[in-house]
Amino acid sequence: MTMLSISCATQSPRVTSGAIKHSKLTYVDSCKYGKNVAQSLGRWDVDHSLVFGEIVKNVLKGSYNNRRIRVLAASTFPIIQTVDKLATYLFRTEKGGHVKVIITRLKDGKYGVNIEVSSLQLNGNDDVLIMNWGIFRSDSSSLIPLQSSYSRLFETIFVKNSVELEFDASLAPFYVSFLLEYSLNGEKIEIKSHRNTKFCFPVGIKSGRPAPLGISYSADGSINFALFSRTAKSVILCLFDDDSKEQPALEIDLDPYINRSGDIWHASLDSAMNFASYGYRCRVDSQGKSNVSSVLLDPYAKVIEENFLGKICREPSFDWSGDVSPKFPMEKLIVYRLNVNDFTRDASSNLTNDIGGTFLGVNEKLHHFKDLGVNATLLEPVVPFDKKLGPYYPSHFFSPHNSFGPPNSMKEMVKRLHANGIEVFLEVVFTHTCAESSLSKIDKPTYYIDKNALNCAHPVVQQLILDSLRHWVIEYHIDGFSFINASSMLRGLDGENLSRPPLIEAITFDPILSKVKLIADSFDPIHKSIKDFNFPHWKRWAEMNTKFCCDVRNFLKGESLVSNLATRLCGSGDIFLNGRGPAFAFNYVARNHGFSLVDTVSFSNVNELSWNCGEEGPTKNKTVLETRLKQIRNFVFILYISLGVPVWNMGDECGQSSGGKGSLNRKPFNWKALQTGFANQMIQFISFLKALKVRRNDLLQSREFLKVENIEWYGPDLSPPNWEDPSSKFLAMSLRVDRVDQDDENELTGDMFAAFNGGDGPVTVMLPPPCVGFVWARLVDTSLPYPEFFSANGETFLEKIPGSLSYEMGAHSCVLLEARRLDC
């Protein structure tokens with residue numbers, strides 16, 4: 001560790017009482033940091049002439065010319081002209097008296113220190129009380145070197161129970177540590193504090209305040225540092241003047257009696273000291289200093305330097321003028337999930353290295369979001385994380401990962417997406433951290449339940465989570481959050497599931513967080529699994545609809561009851577009926593942690609509920625390839641035709657594959673793949689379905705569940721479906737317009753009819769008769785070749801025989817018809 005050197009020092013006593021006292025000045029050999037290795041080189045007695053009202057300066061032999069320390073005896077007239085009182089400390093001595101220390105800022109910028117002793121009963125031969133003191137960089141075990149390898153200890157006599165000291169501001173920050181001494185029968189008696197330790201107080205280091213946690217700036221320009229740690233026996237604030245240095249320029253031991261309030265350690269420094277970054281060392285056991293941890297990142301650091309320590313700076317300013325969040329109603333959302341780094345880091349993105357894989361790279365591909373018709377992006381975790389394990393193992397919660405670009409570049413991304421009608425959601429992980437998170441070394445018993453599992457039931461952890469979420473909303477204008485492994489946030493202190501978990505309730509009713517979109521996700525990154533849970537939603541929380549993915553996959557491979565598909569199509573009432581609605585269902589058919597959409601139809605896997613359509617993996621079999629293409633169209637069609645919020649996964653639009661290995665072999669987005677015929681027809685189909693969903697928002701974007709009279713279910717011959725027959729692989733539904741609310745018949749929209757064939761053979765489907773004056777027009781048939789398989793105009797079907805209108809569906813296909821006026 002490096003210490004700030006002091007070129008020279010001298011002692012100039014002043015007394016105005018007229019009395020003459022004898023003072024001793026002690027020179028001591030240099031002390032190495034962390035070791036109390038002091039060897040006396042000798043002692044000189046120096047007589048000082050003390051004249052009332054006048055200062056007599058003696059030039060001592062061996063003294064230094066640059067005088068940066070002065071010792072002043074107290075007088076009845078104030079000698080030190082103060083500007084500002086900085087701090088007051090009160091100590092009890094082991095003999096019952098009190099020692100009061102007052103630190104002030106002087107007019108010339110120096111520090112003044114007044115030490116007063118009161119109510120101290122001495123049994124000595126005289127009333128001479130001596131202060132044996134020194135200045136230290138960190139604590140009483142580390143002396144400041146004054147010049148070259150030399151240091152000083154001082155003995156100063158109290159006058160009228162008081163001593164005044166004066167220090168150059170350039171010495172700060174430092175500590176003054178002292179003992180009181182008096183003589184008894186020729187023997188020196190030391191007086192310590194009531195803790196049986198030396199008296200110690202900081203100069204240039206104020207005690208600080210316990211709130212807010214992290215760093216904050218006071219009105220006087222000082223910087224406050226605050227860290228929570230209940231278990232730490234000692235905390236050292238480490239300050240770096242250069243981000244490239246591995247060792248701090250200065251380390252400050254925080255005194256638990258001065259720099260601690262409850263379980264929060266704090267200190268305040270003058271901002272003029274110009275340190276670049278900071279961290280902490282924490283000793284959480286009762287052992288010696290050899291067990292002090294490495295320098296740790298402040299959990300509340302808002303900006304992180306390259307050395308992975310907190311940057312000492314104010315939150316970077318950003319011009320948010322003109323920024324307005326789209327704030328779409330939930331039912332209007334169409335979401336695109338992406339990984340910031342993987343989205344543009346591939347060379348095929350044609351972006352420069354400084355932009356590819358960053359927030360600004362996302363901005364450069366804004367046109368892709370518009371091509372797909374999405375109006376919200378869901379970003380995988382953007383905070384610092386374990387590079388080996390991936391973004392779902394965070395190490396910090398308040399700052400974006402440096403590799404994605406500086407904080408303001410994320411703000412630029414959010415502002416531009418907002419300007420183009422796109423909301424920004426973040427995936428967040430608050431149930432666990434990576435093993436190397438600083439939280440585990442700062443206070444593991446408080447923050448963790450077991451290993452790296454966070455204790456979300458603990459109030460301190462809950463406060464950390466709430467502060468983090470508010471920070472993202474206030475500083476980055478984030479529109480919503482998806483909480484990964486949300487079920488683990490429901491547990492109590494003993495691991496039991498709570499019906500009203502305080503953390504979820506606090507987020508729900510927080511005055512800031514209650515205004516953004518909240519989504520619970522049951523994905524558990526640690527066990528790579530999905531958990532079932534009943535989420536206490538307070539009619540505010542949406543959920544990632546895992547059941548939608550499972551039931552749709554099972555139906556399309558012919559292994560599900562048609563009743564399960566019906567439940568998903570009309571908004572998953574089994575999950576969202578109690579106080580919510582279909583708008584709270586975030587539906588998906590593929591996501592980032594498992595098989596991509598292409599892999600779902602190319603590899604058979606029991607855990608993934610996938611089917612290879614006849615052959616495993618890559619193939620040239622035309623029949624298999626045609627079936628896979630139809631299945632992909634079916635997945636996309638069901639995703640958009642169902643009530644709820646469609647969530648599209650990055651790369652599925654251009655057929656990216658992990659080779660059946662899931663997230664273990666996920667590749668960055670290949671922008672050249674968008675030039676393929678598959679990607680071209682997929683993007684056109686997705687854009688068409690988005691436009692259809694918006695145009696028919698009366699039936700496909702409802703916030704409420706459809707009325708019973710607005711939906712009817714059929715088998716192939718218009719009879720009721722075989723709900724509980726496992727062999728039944730066909731389902732049809734008719735979505736009827738609520739004509740009660742439509743006064744103008746000229747504006748009357750038509751009903752819709754959708755049919756789903758999960759079997760491997762064709763089906764002849766009887767169509768229900770449309771309303772008078774309307775005919776059926778085909779909008780989608782996934783079994784047809786491109787580009788005929790979808791059409792905004794539609795091909796109309798007239799009854800050849802009254803009451804016997806039918807439609808021939810191919811195997812593994814879906815059909816959508818819309819009733820249109822005959823004169824249209």
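The largest cavity has a lining of 23 residues, and S596, N649, M650, R666 and K667 lie nearest its centre. The model is predicted. It holds 11 cavities of 30 Å³ or more and 37 aromatic pairs.

**Cavities**

- Rolling a probe the size of a water molecule over the atoms shows where empty space is left.

**Helix α13**

- Helix α13 covers residues 677–695, which is 19 residues.
- From first C-alpha to last, α13 reaches 27 Å, close to the 27 Å expected at 1.5 Å a residue.
- Buried residues in α13 include A679, Q681, M682, I683 and F685.
- I686, F688, L689, L692 and K693 of α13 are buried too.
- An α-helix has 3.6 residues a turn, so residues three or four places apart point the same way.

**Aromatic pairs**

- The count of aromatic pairs comes to 37.
- F343 and F669 form an edge-to-face pair, because their ring planes meet at 65°, over the 60 degrees required. Their ring centres are 5.7 Å apart.
- This pair links distant parts of the chain, 326 residues apart. F343 sits in helix α1 (residues 340–344), while F669 sits in the loop between β33 (645–649) and α13.
- F343 is buried, because its relative accessible area is 0%, under the 20% limit. F669 is also buried, with a relative accessible area of 0%.
- Y714 and F753 form a tilted pair, because their planes are at 40°, between the limits of 30 and 60 degrees. Their ring centres lie 6.2 Å apart.
- Y714 belongs to strand β34 (residues 711–714) and F753 to strand β36 (residues 752–757), so the pair ties together parts 39 residues apart in sequence.
- Y714 counts as buried at 5% relative accessibility. F753 is buried as well, with a relative accessible area of 1%.
- F397, F430, F481, F483, F535 and W541 are linked into a cluster by ring pairs.

**Charges over rings**

- R195 lies over the face of Y257, at 3.6 Å from the ring centre.
- R591 lies over the face of Y588, at 5.5 Å from the ring centre.

Note on methods: Residues numbered from 1 in each chain as written. Predicted model: local features only at pLDDT ≥ 70, side-chain atom pairs only at ≥ 80, totals over all residues. Heavy atoms only, no water. Helix = DSSP H or I, 4+ residues; strand = E, 2+ residues; numbered from the N terminus. Expected span 1.5 Å × (residues − 1). Buried < 20%, exposed > 50% of the residue type's maximum accessible area, 1.4 Å probe, protein only. 1 Å grid on protein atoms, 1.4 Å probe; cavity = no way out; pocket = protein on both sides within 12 Å on 5 of 7 lines; lining within 4 Å. Points joined across faces, edges and corners; volume = space filled by probe spheres on them. Phe/Tyr/Trp six-rings, centres within 6.5 Å; stacked < 30°, edge-to-face > 60°. Lys NZ or Arg CZ within 6 Å of the ring centre and 35° of its normal.
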